[in-house]
Amino acid sequence: MPMRLRLAVHGLRHDRVFHLVAINQRTRRNGKPTELLGIYDPRVKPGGKDHKTMEWSVGRIRYWLDVGAIPSKSVVKLLTMGNILKSESPYHPKSTSDMSPPTSTPSSSSLASSHPVPPKS
């Protein structure tokens, strides 16, 4: 059963709360999860907390990553900000700076000589 770590949306229209869940990959976004791993509240509350909050179970997140669950892109960002994933982890997309340009490019004359075009008759 392919598992994913992803965010499920809960709450009212302008007061969303996201649950970090381990869920079967083929299940709908807000379907019943296998396990609730954390709660992310992106809203800054007036008169209260002056920052976004993320409550999670680090041990269970590491367990699911160890057994092969694949995190979504947004979950990778959150786990990196929380120092659960390192920036060199295999879940991060490859940066374009890692790709080096080819050392030699074939010239147009070498292409023409290696692939001759038959004359039109």
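Which residues does Trp 64 touch, not counting residues up to four places away in sequence? The legends below take up this residue and its surroundings. The structure is a predicted model, in which local features need pLDDT of at least 70 and side-chain atom pairs count only at pLDDT 80 or more, while totals for chains, interfaces and linings use all residues. Residues are numbered from 1 along each chain as its sequence is written, and side-chain values use heavy atoms, with hydrogens and water left out.

**View 1. Surroundings of Trp 64.** Trp 64 touches Met 3, Leu 5, Ala 22, Thr 34, Glu 35, Leu 37 and Ala 69, with residues up to four places away in sequence not counted. Contact here means heavy atoms within 4.5 Å.

**View 2. The open sheet.** Five strands form an open sheet with the order E4-E3-E2-E1-E5 and mixed pairing. The edge strands, each pairing on one side only, are E4 (53-56) and E5 (70-71). Strands E2 (residues 15-24) and E3 (residues 35-41) run antiparallel and are joined by five bridges. His 19 has Ile 39 in E3 as its bridge partner. Two strands pair if DSSP finds at least two bridges between them. Helices (H or I, at least four residues) and strands (E, at least two) are DSSP runs, numbered from the N terminus.

**View 3. Two helices across the sheet.** Helix H1 (residues 58-66) lies across E1 (3-12), E2, E3, E4 and E5, and runs at about 120 degrees to E3. Helix H2 (residues 73-81) lies across E1, E2, E3, E4 and E5 as well, running at about 90 degrees to E1. Axes are lines fitted to C-alpha atoms, for helices over the stretch in contact, and angles run from 0 to 180 degrees between N-to-C directions. Just after H1, Gly 68 takes a positive phi of about 110 degrees.

View 4. Ile 61, Trp 64 and Leu 65 are buried in H1. These three lie on the same side of H1 because they cover an arc of only 100 degrees around the axis, the arc being that of the directions from the helix axis to the C-beta atoms. The buried residues of H1 pack against E1, E2, E3, E4, E5 and H2. Gly 59 and Asp 66 are exposed, on the face of H1 turned away from its buried side. Buried means under 20% relative accessible area, exposed over 50%, and partly exposed in between (1.4 Å probe, protein chains only).

**View 5. The largest nonpolar core.** This core has 17 residues, and those with the most contacts inside it are Leu 5, Leu 37, Ile 61, Trp 64 and Leu 79. Two or more residues come from each of E1, E2, E3, H1 and H2, and H2 gives the largest share, four residues. A nonpolar core is a set of buried Ala, Val, Leu, Ile, Met, Phe, Trp, Tyr and Cys residues joined through side-chain atoms within 4.5 Å.

**View 6. Salt bridge between Arg 43 and Asp 15.** The side chains meet at 3.7 Å, N to O; a salt bridge is a side-chain nitrogen of Lys or Arg within 4 Å of a carboxyl oxygen of Asp or Glu. Arg 43 lies in the loop between E3 and E4 and Asp 15 in E2, so the pair ties together parts that are 28 residues apart in sequence. Arg 43 is partly exposed at 40% relative accessible area, and Asp 15 is partly exposed at 32%.

**View 7. Salt bridge between Arg 60 and Glu 35.** These side chains meet at 2.8 Å, N to O. Arg 60 lies in H1 and Glu 35 in E3, so the pair ties together parts that are 25 residues apart in sequence. Arg 60 is partly exposed, at 33% relative accessibility, whereas Glu 35 is buried, with a relative accessible area of 18%.
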